[in-house]
Amino acid sequence: MSKPTLRDIYDNTLVPMASMHGLPALKRDSSQLALEAEADMAKRVKPNPELQAKAVYNLGQAGFKHLDLGQKLSIEPMVGTPPFEVHEPLQQYLQQQHEEHIIETIEKARRQTRLDAESLINDSLEADRQHMELRLKERAAAQQQQQQQQKQSLHAYTTSVDSRVRAQRQERSMAYASVMGQLNRAQSDDKVIDVVKQFAAVTTSSTTSHDRRIDDAWLLVSKLTRSADFDTPAQMCAHRKNTMQHYAASRADASPEVITMHRNWVNAVKAWLHDQFLTFVTEKLKEQAQEAKPGGSLSIVSRLRAFITITFRKNNTWSIPNFEIVQDQPVWALLYMIIRCGRPKEARQLLLDEPALFVSEPEFVAQLTDYLTSDDLCISEAARSQVVTNYRRLKGTSADPYKLLLMKVVGRCDLADTHVPRIVSTTEDYLWLQLSLVQEHAINDYHHEQYTLKKFQDTILQYGTKSFDPQGTTPWVYFKVLMASCQFEQAVNYLYKNEQTQLEAVHFAIVLMLFGLLRIPKVALRASTDLLVFEGGVPTLNVTRMIYTHLKQSSLPLVDQFQYLFALAWYSVRNGYTTNEMLDEARALCREWVLQSPDYQWFLGSFENGYQPGFLDLHKRLVEFDDQDSYTTHFLLPLVRDYAERNLYVQAAYVAELAGDYNLVMDVLFYQLSLMFRHPSHTPDSQQDALVNELLAFCTTSLERFARFQHISQRVDDRKMHTVRAMLGFVRARYLYDHEQYEQGLDAIYATGVMPAVENPDIEALKPAVAQFDHLDDNVANLVPDLVLMTMDMLLKMYQKYNHSAQLMIKFKNRVNCLLVFTGLIRLHVPLETMTKMNRLEQMMK
């Protein structure tokens, strides 16, 4: 059976579809549709070989063969259409098109693959970047948190350290103040204490990491001040007076007394250097006891021999090849060390006992013996010339350096040469060498160059701080250098510049002040910028500002602060100074400190259970108040003035009563009442009312108490008492006037007896009031113009208030007329402005 065609299928579906759905049957059969489709296709597409080739190609691309497809669909060849044949050129063209299409497809797939790969890589990189960025942020946050924690820890540590430093400083400050109290009590009781030793003990016990250089500095100050050499206050005061006269109060450097004082200082510093060197030798021998093996001998010579061995001999070889070795020992180094320890007797004994050691220089041995024997370490001019000659002969050769150094010291050679020998390797050795060359004895002036203490001081200043304290972190070294060169003001000033050592600088200055070893400015400079003040080229130290600043910055109790103020009184004429400028400054500062204290009674004394002396009563000798009269005149009475200027009338009256001057108490009360009357508050408030009532109550109580005790009333001027009572009434009237209590105000005025209380304006009736006014104190009389105006205004207010009562209006008007007549009769000249105001008020009542 043949396969049905499309036409057969179409024809078979026409009738059943129409009858099944009740639709009208299609009037056109398949032949008609074919014709119409062919006609329509002919209009649209005209077949040609090219289109047919493309159709075959497209079918081939889709996997169809055009011949098999036409046979399967039973499509009959179109009428008039020749069979399609594929020629060879067309086949090549199609093959080329097919290959190009394949290549294009492959390239497109490759591009897409590359794009997909790039996109995948980009996505991966972006994910990695985001992950890396997240990790970096987390790490940065962790680092920031760690840094914050470190900052907090550092801040907590720093705060803790600062707190500990402040606590230690406060502890030392309190301990120093305690020593100051002991010193002042000892002076009050005519006793002596070693204040340097006490201050050194404070430094030792109050520092966690003890600095031995501070101990060395206190030892040096002890040597210079001789603080441990006095058994009685008289000895110490005599020494201080002598030093004060010839140093602190003097600017001369050439008097015999000054030269002697300089020699004593040089000897004191050298004694300190001797002790320092001997301590160093002893400690080194202890550290290297096994190597040193000094044996059982404790003599200084044996110990120094052992010290020289461990210092200069290594592996049986001396470190200094120029040593002059005799009997297996450097003899000149040994001799130098003995002298360097401050043992001239032992050195001379060595020269006498073992002359074989020094046979190379017999002349110098004799000269050295004379040097060690003399009290002032000087030799004759002839001997000195020989030493200088031998020194110049050996200088520059391979001679023993210690022999040259000894020659330089004995003969004071090459004083202008600033070159320091290589064996002088420490600051202490340098200071000892220079001080050994210093000579100011006028008798031994050989008309040659001299090396005085002043020249040595200039040399030290030329070297400057960089030579001894390059970083500026160890001020104790240069401080000791300045002290060793007897430049006390420069030393304290340098130590004070370092914030960490300011507290110690203050107390070093106090010790030097106690013994007259500080020059101060002629005028007390409390607000000076610099501590070091030069007067005529001479350095002075402004101790007033130093102590004042120390007390203001400290948190010491006021009682302890007074101990430092007493120190300023050491510079007085009684103690050998030229003026009492500093004594007056000490007294003024004591008054200032009392003014700051709310507990002034504790400092000045009280009247409870009889008179109880205050703190300053017990210590008034420290500021040279030898009796009560001088204490009253130069301290209490100026303190009354200071209190009054600050309107502290209660304290002023109290101090005036302590001074026993009850008339001065009246003056204080009058001064305060007159201020309150002249400067009233026109807008009263509770605070001002409290001040007025407090003043009125205090004045009233004081007047009653003075009147009650006969021993006081007999010492008070009656006129002053009446003046204060009048002023009390004036202020009370002013207070009532400001509060519009006019009737009570008028009563208070008439109660004083200053204003006439009569209503008859007759001159005869007013004469008693005028006569009484003539006896008034001028200070009260000068206030009457203001009082009259106030009285007139109150009468006017009363006149206006009682305008319904003709009798009262006449009464007030008559009082005004009496007041006008009274004002014209009194001796006081009433200003024209006041009279004009009074007339205006009087006209208002008409």
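**Figure 1. Cysteines Cys413 and Cys341 in the predicted model.** Cys413, at 2% relative accessibility, counts as buried, where buried means under 20% relative accessible area, exposed over 50% and partly exposed in between (1.4 Å probe, protein chains only). Cys341 is likewise buried, its relative accessible area being 4%. With a disulfide taken as a pair of cysteine sulfur atoms within 2.5 Å, the count comes to zero disulfides. The model is a predicted one, in which local features need pLDDT of at least 70 and side-chain atom pairs count only at pLDDT 80 or more, whereas totals for chains, interfaces and linings use all residues. Residues are numbered from 1 along each chain as its sequence is written, and side-chain values use heavy atoms, with hydrogens and water left out.

**Figure 2. Helix α36, residues 784-801****.** Helices (H or I, at least four residues) and strands (E, at least two) are DSSP runs, numbered from the N terminus. Helix α36 has 18 residues and reaches 25 Å from its first C-alpha to its last, close to the 26 Å expected at 1.5 Å a residue, the expected span being 1.5 Å times one less than the number of residues. Because 14 of the 18 residues of α36 are buried, this helix is largely enclosed by the rest of the structure.

**Figure 3. The hairpin of β3 and β4****.** Strand β3 (residues 532-535) and strand β4 (residues 538-541) pair in the antiparallel sense over four bridges, pairing being assigned if DSSP finds at least two bridges between two strands. Val533 stands opposite Thr540 in β4. Two residues lie between the strands of this hairpin, in which Gly536 takes a positive phi near 65°.

**Figure 4. Asn315 and Glu740, two loop residues with positive phi****.** Asn315, although not a glycine, has a positive phi of about 55°, and lies in the loop between β1 (313-314) and β2 (317-318). Asn315 is exposed, with a relative accessible area of 76%. Glu740, also not a glycine, has a positive phi of about 60° and is found in the loop between α32 (718-738) and α33 (742-752); Glu740 is exposed as well, with a relative accessible area of 59%.

**Figure 5. The protein as the setting for the close-up views.** The secondary structure comes to 38 helices and six strands, and buried residues make up 45% of the 846 residues. Among contacts (heavy atoms within 4.5 Å) between residues at least 6 apart in sequence, 65% join residues at least 24 apart.
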